[in-house]
Amino acid sequence: MAGILAGKVVAITGAGRGVGREIALLCAREGASVVVNDLGTSGEGEGVDLSPAQETVNDIRAAGGKAVANGASVADPKGAASIIEDAVQNFGRIDAVVNNAGILRDRIWHKMSHEDWNAVIDVHLNGCFNVSKAATPYFKDQGSGSFIHFTSTSGLIGNFGQANYSAAKLGIVGLSQSIALDMARAGVRSNCIAPFAWSRMTASIPATTPAEIERVERMKSMSADKIAPLVVFLASDAAAEVTNQIFSVRKNEIALFSKPRPIRSMQKNEGWTPQSIADELLPAFRPSFADPAERSGDVFGYDPI
């Protein structure tokens, strides 16, 4: 198949449904051989169903593409390694990894259990680490490779009831940035995408007030297929100079996020006391504090993906 990914091999986690499925389909249409990983759990990570991954594979093959299914859990290091092994054994190499798999266990902070915390961290953050770690030796040996990790504005900005998810998603940004720096000499790239799209995960958004209903209706217009073109670009050689970045896709809009940097500072020759901070530094810094909308995580739209 001709296309921007002709001859490439891409492994995509959580590719049985939603955003991951659309990425897999477009990668295949653009010429890549695809490993479709999906454990097939519920939105909270319960149960196992391998049929979504196989259905995506069947659709790719029916369209003339190449794909294999993998039902391993990314939270298990051996399972994660099997995703990369399937790519190499079936297609001879691995060129790009898309860390998309995820679950949600939304709870207000003071009601969040250790189990809910660990389950979300294991899939999102540890899963990214496990799959990326397994692919790295191949990327290093061949002197090329692209990691595309899915973060969220829930991590970049914050969100109600998602302390576990937000921590994992911001942790993924830190992981990606460090991978980009560590692997630059080997020609390996690492980038993040914060997606806005309607899927079974966003379908859990509460909609009881007029404002919430309006927000959900707006989200429904943001289809999952809108995320895939940026992923395919970042997996391709056309993105050879793009690394260590944070992108977002919202319908037909692609945004580049800034990174945390000092925005204001004050120096006091005699040093600071708690009272001088209150009297001098706080009034000077207050105008730079986030406004209420940004503190609530809604500055760029609700995004629990």
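Ser-248 lies in strand β7, where strands (E, at least two residues) and helices (H or I, at least four) are DSSP runs numbered from the N terminus. At 1% relative accessibility, Ser-248 counts as buried; the term buried applies under 20% relative accessible area, exposed over 50%, and partly exposed in between, with a 1.4 Å probe and protein chains only. Ser-248 and Thr-153 are separated by 95 residues in sequence, and their C-alpha atoms lie 8.7 Å apart in space.

The model is a predicted one, in which local features need pLDDT of at least 70 and side-chain atom pairs count only at pLDDT 80 or more, while totals for chains, interfaces and linings use all residues. Residues are numbered from 1 along each chain as its sequence is written, and side-chain values use heavy atoms, with hydrogens and water left out.

The protein contains 10 helices and 8 strands. Of its 305 residues, 49% are buried. Contact is defined by heavy atoms within 4.5 Å. Among contacts between residues at least 6 apart in sequence, 70% join residues at least 24 apart.

Ser-146 is found in strand β5, which spans residues 145-150, and Ser-146 is buried with a relative accessible area of 0%. Leaving out residues up to four places away in sequence, Ser-146 touches Asp-95, Ala-96, Val-97, Phe-139, Arg-189, Leu-234 and Ala-235. Beyond its neighbours within four places in sequence, Asn-99 is in contact with Thr-13, Gly-127, Cys-128, Val-131, Ser-132, Ile-148, His-149 and Phe-150.

The helix pairs come next. Helix α4 (residues 114-142) and helix α6 (residues 163-183) have axes that come within 8 Å and cross at roughly 15 degrees. Such axes are lines fitted to C-alpha atoms, for helices over the stretch in contact, and the angles run from 0 to 180 degrees between N-to-C directions. The angle makes α4 roughly parallel to α6, given that angles under 35 degrees count as roughly parallel, over 145 as roughly antiparallel, 65 to 115 as roughly perpendicular and the rest as oblique. The crossing of α4 and α6 is right-handed; a crossing has this hand if the near helix is turned clockwise from the far one by less than a right angle, and is left-handed if anticlockwise. On the α4 side the contact includes Trp-117, Ile-121, Leu-125 and Phe-129, and on the α6 side it includes Tyr-165, Ile-172, Leu-175 and Met-183. By class, the contact of α4 with α6 has 14 nonpolar, 5 polar and 3 charged residues. Here Ala, Val, Leu, Ile, Met, Phe, Trp, Tyr, Cys and Pro count as nonpolar, Asp, Glu, Lys and Arg as charged, and the others, Gly among them, as polar.

Asp-116 is one of the α4 residues that meet α6. With a relative accessible area of 8%, Asp-116 is buried, and it touches Arg-105, Arg-107 and Asn-164, not counting residues up to four places away in sequence.

A second pair is formed by helix α1 (residues 18-29) and helix α8 (residues 228-235), which pack at about 55 degrees with their axes 9 Å apart. That angle makes α1 oblique to α8. The crossing of α1 past α8 is right-handed. Glu-22, Ile-23, Leu-26 and Cys-27 in α1 meet Ala-228, Pro-229, Val-231 and Val-232 in α8. These residues divide into 7 nonpolar, no polar and 1 charged.

In helix α9 (residues 274-285), Ser-276, Leu-281 and Phe-285 are buried. They cover an arc of only 95 degrees around the axis, which puts them on the same side of α9; the arc is that of the directions from the helix axis to the C-beta atoms.

Finally, the backbone deserves attention at two loop positions. Most residues other than glycine have a negative phi. Asn-244, in the loop between α8 and β7 (246-250), has a positive phi of about 60 degrees although it is not a glycine. Asn-244 is buried, with a relative accessible area of 15%. Lys-251 is found in the loop between β7 and β8 (253-256), and its phi is also positive, near 60 degrees. Lys-251 is partly exposed, at a relative accessible area of 37%.
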